[in-house]
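Hi,

Here is the structure I said I'd pass on. Have a look at it first, and then read my notes below.

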Amino acid sequence: MSDEEVARSAAPTTPAGDLPGGSAAAPARGLHEPPERDITDGGPDMVQFLDSEGRRVPLTDVNSPYASFLDELGPDDLRGMLRDLILVRRVDSEGFALQRQGELGLWPSLLGQEAAQVGPGRAMRTQDYAFPGYREHGVAWCKGVPPENLLGMFRGVNHGGWDSNENNFHLYTIVIGNQMLHAVGYAMGVQRDGDVATGDPDRDTAVMAFTGDGGTSQGDYNEALVFAAVANAPVVFYVQNNHWAISEPNDRQFRVPPYRRADGFGFPGVRVDGNDVLASYAVSRAALERARSGEGPTLVEAFTYRMGAHTTSDDPTKYRISAEVDIWKAKDPIDRMTKYLTAEGLVDQAWLDAVAAEADELAKRIRHACQTMPNPPHSEMFEHVYADPHPLVEREAAEFAAYMAGFED
Amino acid sequence: MTSTTSAPATSTAQRTTIAKALNAGMRAAMERDPKVLLMGEDIGKLGGVFRITEGLQKDFGEDRVIDAPLAESGIVGTAVGLALRGYRPVVEIQFDGFVYPAFDHIVSQVAKMHYRSQGKLRLPMVIRIPYGGGIGAVEHHSESNESYFAHTAGLRVVTVSTTDDAYWMMQQAIASDDPVIFYEPKRRYHERGVLDLGGATPDLADAPMGLHEAAVRHEGTDVTVLTYGPMVKVALAAAQAAELEDGPSIEVVDLRSLSPLDTEVIEASVNKTGRCITLSEAQTFTSIHGELAAHVQQHCFYHLEAPVLRVGGVNIPYPPSRHEEVFLPDLDRVLHAVDTVLSY
């Protein structure tokens, strides 16, 4: 790298969102010259209610359309948000530790993205349905999926240890982008069931689809936006732009930020500070209510950062500079919410200590559940390949059982 | 059903085409179950490029017969979501060679949803694919890609060769709680046969055969031809030609289901004749042909008088249509193979 390149990659840069007139026109550049990357500043369009210091951002033209959703929140709601952030981080750190201890084969960490997930997670109603990728542990938490149930697939005992219809939280989807279309199809079913725009808050239903910045490159993601727009489906696309798709920075995924691409599909796009739980909650509420009331899809881009590795398998020190990580450390979602609620007199050290103790208990529970999770009997691998009997599977299961029975215990 | 000729007044049997029988099968399923809906490109007003869904949007509305954006992954991917919501989507892939954008969804999601959910989720959906050549089409319109899907656990793969099967198997596929890849032999769409609707109010219990049973279409004693879909007609023509010339007695087994295979019928036939030919349009390399040949050699070894021969497309991309005549197996190639297995 030349000195100039080093300087540019480390320094805050002009947001791509500042391109004049919303045009996608970009300055000419060489094949290997990266576009200027918006790594630290979400730009003037980003909805924010809490700044990095935990101070309430004054009302502006950008955030005021969402402010009323915060007015509805009482002290318990605000404390509940912070509690969720803290416990979700602990779920994640326990998952990471269990992988390092050899209890899990893999763990995709959500470190840094807690607010980006707790915001929409708390904004969803019971009847709303979530279609996650595989990093949405915080959404799972808010939807009531026991965190230990998330471990099965990473431990290798199952492909998803929860009933999606129990908490309206679909199984994790590993192939990037597939779930975006599932969400739209589900939302089309919601429409056909008449569960939109009835005015009944317990009936009107929205669907929320989660992916990352890498996911926005997939054909499925773009087809999902087309299908949702055409059907006016009650779906919220929620992109966690955490800036990295394994080792690829998001300038390898797009030249125009995700929220601005929504316009081309014919529905609104909003960029929200994904490290600000109040903002991600309020923007999600607005988008969900829009969907439930029959006004169609919304694209929300949560501008956030993946503080850890993509999964426990990779090494981010190989592909990103520590200065970038340090900049985002200062935007920590838990710190800023803690500062805000402390300043407001809504939490004190005793409360924080109690939540910390609760987190310790939760971690203990998860660890115990993981370590005592029984291996399924091998015969189980033949089950549920088909719903109806399938002679080939039945024959092979019988042959396998007979073969295994030939061994001494 | 619009085409009726010479049906006895007291019977529900009538002569009609495979295309109209497929249409009638979908109509019956939609009437029976309000959760059945259709989705695909051009299937509404146009009735599909082959008119298989003709009139259904008019009668069932745009919410149940959905003209989809032109995106196969989107069609199958959203059908997954519809099925998860409790619908029974029947999607149309316009041509065999257009299924590949949806391949990911079919093999990664459709096939595996029941398994990965440990049986908690079901994906009762049907993916209809007009397949095979012989219609003089341009490239990507004439492929026989059934092996890809039969290879994938979690999918059922079936194909029809008669009007009766078109009508009943369509309904059985829609009623199945498993995802079904439903191959339609496009060059046979307009061939007529007798269709017995089974009663004034068609009921699935009236179906003459199970979805996964193979049918012996022509009995014989000297050699078994295992075939399906568009090639059944070719096999029957070969059997009849041989019969007329006092040649070998050919047994024609219409597999109907490619996953699962009806191995009982296959083994019984080959054990009886001692000789076996596989016949389909698909290229032979790593195909249904190969699975059949392997199965027969493993399970019918002591009855075999000759190696199993595969008669199919040669192992090249589907050629320009002016070559179809020689690419696609015909009566002569079948009879040549029959002579060969009899020469051992």
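Asp84(A) and Arg122(A) meet through their side chains in a salt bridge, 2.6 Å from N to O; this is a predicted model, by the way. Asp84(A) sits in helix α3 of chain A and Arg122(A) in helix α4 (residues 114-123), so the pair ties together parts 38 residues apart in sequence. The aspartate, Asp84(A), is buried at 6% relative accessible area, while Arg122(A) counts as partly exposed at 29%.

Lys58(B) is exposed at 75%, and Asp59(B) is partly exposed at 42%. Over all chains the count comes to 40 salt bridges.

Now the interface. 47 residues of chain B touch 43 of chain A, and the two chains bury about 3600 Å² between them, 56% of it on carbon and sulfur atoms. Arg85(B), Tyr115(B) and Arg116(B) supply 21% of what chain B buries there, more than any other three residues.

Four salt bridges cross between the chains. In one of them, Arg85(B) pairs with Asp195(A), with the closest N and O atoms 2.7 Å apart. Those two also belong to a network, joined by shared partners, with Asp193(A), Arg203(A) and Lys35(B). There are also 25 residue pairs in polar contact between the chains.

On chain B's side, the elements giving two or more residues are β2, α3, α4 and α5. α3(B) gives the most, with 10 residues. By class, that side has 17 nonpolar, 18 polar and 12 charged residues.

One last thing, away from the contacts between chains: which strand of chain B is largely enclosed by the rest of the structure? It's β13 (residues 276-283), because seven of its eight residues are buried. β13(B) pairs in the parallel sense with β10(B) over four bridges, and Leu226(B) has Thr278(B) as its bridge partner. β13(B) also pairs in the parallel sense with β14(B), over four bridges, and there Ile277(B) stands opposite Leu309(B).

Cheers

Note on methods: Residues numbered from 1 in each chain as written. Chains lettered and ligands numbered in written order. Predicted model: local features only at pLDDT ≥ 70, side-chain atom pairs only at ≥ 80, totals over all residues. Heavy atoms only, no water. Contact = heavy atoms within 4.5 Å. Buried area = accessible area lost by both parts, 1.4 Å probe. Polar contact = N/O pair within 3.5 Å; in protein donor to acceptor, adjacent residues only side chain to side chain. Nonpolar A, V, L, I, M, F, W, Y, C, P; charged D, E, K, R; others polar. Buried < 20%, exposed > 50% of the residue type's maximum accessible area, 1.4 Å probe, protein only. Pairing = 2+ DSSP bridges.
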